[in-house]
Amino acid sequence: MKIRTAYGSVISQARYARGLSLRETAELAQISYNYLHEIEKGKKEASSEFLGYILTALHMPPVEFFTRVANEYQRLADQYHASVAK
C-alpha cells in the first residue's frame, strides 16, 4: 500500500468536486498536465512545493488535504486487508 495512491485519489476527488479538468488544474497549479496525471494515478509523488501549488489551485487548505489523505489511506488499507483475509 502506497500513500501516494491516497494523495492522488484525494487530489482527483477535489478536482472533480470543483468541476475542473485535469488540464485546467495543471494550468492553475503551473505544472505539467502529465505530471499531475501521474500524481493522480499514484505513479508519482509530488514534492512539497508542487503539492502546495496543487492545493492552492484547488483552494484546499493543507490540514483538510492531509485529513482527507489519512481517511482515504485508512479506507484503502481496510479494503486491502479485507481482500487478503478472504
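The model is predicted, so local features need pLDDT of at least 70 and side-chain atom pairs count only at pLDDT 80 or more, while totals for chains, interfaces and linings use all residues. Residues are numbered from 1 along each chain as its sequence is written, and side-chain values use heavy atoms, with hydrogens and water left out.

**Helix 1 and helix 5**

- Helix 1 covers residues 3-17 and helix 5 covers residues 62-85; helices here are DSSP runs (H or I, at least four residues), numbered from the N terminus.
- Their axes come within 8 Å and cross at roughly 120°, where axes are lines fitted to C-alpha atoms over the stretch in contact and angles run from 0 to 180 degrees between N-to-C directions.
- That angle makes helix 1 oblique to helix 5; angles under 35 degrees count as roughly parallel, over 145 as roughly antiparallel, 65 to 115 as roughly perpendicular and the rest as oblique.
- The crossing of helix 1 with helix 5 is right-handed, that is, the near helix is turned clockwise from the far one by less than a right angle.
- Helix 1 brings I3, T5, A6, Y7, S9, V10, I11, Q13 and A14 to the contact, and helix 5 brings F65, F66, R68, V69, E72, Y73 and L76; contact means heavy atoms within 4.5 Å.
- By class, the residues of this contact of helix 1 with helix 5 are 11 nonpolar, 3 polar and 2 charged (Ala, Val, Leu, Ile, Met, Phe, Trp, Tyr, Cys and Pro count as nonpolar, Asp, Glu, Lys and Arg as charged, and the others, Gly among them, as polar).

**Helix 2 and helix 4**

- The axes of helix 2 (residues 22-29) and helix 4 (residues 48-57) come within 8 Å, crossing at roughly 115°.
- This crossing of helix 2 and helix 4 is right-handed too.
- T25, L28 and A29 of helix 2 meet Y53, I54 and A57 of helix 4.
- The contact of helix 2 with helix 4 has 5 nonpolar residues, 1 polar and no charged.

**A closer look at T25**

- T25 sits in helix 2 and is buried, with a relative accessible area of 0% (buried means under 20%, exposed over 50%, partly exposed in between, with a 1.4 Å probe and protein chains only).
- Its side chain reaches the backbone oxygen of S21 at 2.9 Å.
- Leaving aside residues up to four places away in sequence, T25 touches R15, L20, L36, A57 and L58.

**And E49**

- E49 belongs to helix 4 and is partly exposed, with a relative accessible area of 48%.
- From E49 to D78 is 29 residues in sequence and 30 Å in space, C-alpha to C-alpha.

Terms used. Helix = DSSP H or I, 4+ residues; strand = E, 2+ residues; numbered from the N terminus. Polar contact = N/O pair within 3.5 Å; in protein donor to acceptor, adjacent residues only side chain to side chain.
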